[in-house]
Amino acid sequence: MAFFKTIAAVYKERKKIEVIVLVSPPNIILYTIPFIRVIGSFKIILDCHNGTFSDFWSKIPFFRQLIKSPDLLLFHNEDFKDEVEQKFHLVDVLAKVVPDPPAIPTGQIQRKKILIPYFVFPASFASDEPLEVLVSYLESSDFVNNECFVYITGPKHKLDLELRNRLESIQNVTLTGFLANQEYEKLFSGATGIFCFTTKENTQLCAINEAIGYERVPIYSATKTLKKMYGTIGIAVNKNLIGLDKCIKNCIDNQRVLQRGIKEEKSRRLKLWNKEYYDLFS
């Protein structure tokens, strides 16, 4: 339905359109490009999400031809752009990196009152999240000694049943499931820190941009890509979460200093993104 609605919308507004931005998660949006080319001579920009180039989607018929057909490919980090260009031989394709801006809260936020420090892990329960390691840590005395709470959001039905049972048995851990926007923002904006974990290189995490936007401290996996993108802010933890207890303690003890740095970084990144966005369409 989205495929046909996209083509219909372009046709209806064809006389007003100059530039079309196709946001490309792993789906069939690429197949609209030949039809759009027939409708008019628009500039087409493809905003490439990492999943677009997964082994599954990149093997669908005509993928390699279609990925070279937009006028510009947008990537969200330099490492992933380099990987894709090499893998798909995008020699003659114009590509640009525009990092995601900090997230902006939707309205006036009522922050959750903090009696005991707490952390939020906005999980998707995807294969790249080190869930087994995290659960083992949350069951340990190191976590108990930090005297804090952890809220894990996301689709509980996607969580392995054994891990779910283990998490639900930990007193200071709450699985919230999906939350309404207002509830999520209230929980997120009052957190002492935000867990942002991945085991994959070349992956940027939306949770870090949310943390910056809400001026919370991100505790993130120390991948090469994330350290390059966010090395001056927040706290990086070993990809296997070794030393996570020290990161949590650091976050609790130095929260004001860390948040002050994040607030300054948020302002800098917003100005940079606005300039890059303007340059993109000028």
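Is Glu139 buried, partly exposed or exposed? In this predicted model, Glu139 counts as partly exposed at 40% relative accessibility, where buried means under 20% relative accessible area, exposed over 50% and partly exposed in between (1.4 Å probe, protein chains only). Because the model is predicted, local features need pLDDT of at least 70 and side-chain atom pairs count only at pLDDT 80 or more, while totals for chains, interfaces and linings use all residues. Residues are numbered from 1 along each chain as its sequence is written, and side-chain values use heavy atoms, with hydrogens and water left out.

Side chains of opposite charge can pair when their charged atoms come close. With a salt bridge taken as a side-chain nitrogen of Lys or Arg within 4 Å of a carboxyl oxygen of Asp or Glu, the count comes to 16 salt bridges. Arg166 is buried, with a relative accessible area of 17%. Glu139 forms a salt bridge with Arg166, their closest N and O atoms being 2.8 Å apart. Glu139 lies in the loop between H5 and helix H6 (141–145) and Arg166 in helix H7, so this pair ties together parts that are 27 residues apart in sequence; helices (H or I, at least four residues) and strands (E, at least two) are DSSP runs, numbered from the N terminus.

Arg166 also meets Glu132 in a salt bridge (3.0 Å, N to O). Here helix H7 (residues 161–168) holds Arg166 and helix H5 (residues 131–138) holds Glu132, so the pair ties together parts that are 34 residues apart in sequence. Glu132 is partly exposed, at 41% relative accessible area. Glu162 forms a salt bridge with Arg166 as well, with 3.9 Å between the closest N and O atoms; these two residues are four apart in helix H7, separated by about one helical turn.

Turning to the rings, a search of the whole structure finds 18 aromatic pairs, counted for rings of Phe, Tyr and Trp (its six-membered ring) whose centres lie within 6.5 Å, with planes under 30 degrees apart called stacked, over 60 edge-to-face and the rest tilted. Phe3 and Phe35 form an edge-to-face pair, 5.9 Å centre to centre with 90° between the planes. This pair links distant parts of the chain, Phe3 in helix H1 (residues 2–12) and Phe35 in helix H2 (residues 33–39), 32 residues apart. Phe3 is buried at 17% relative accessibility, whereas Phe35 is partly exposed at 45%.
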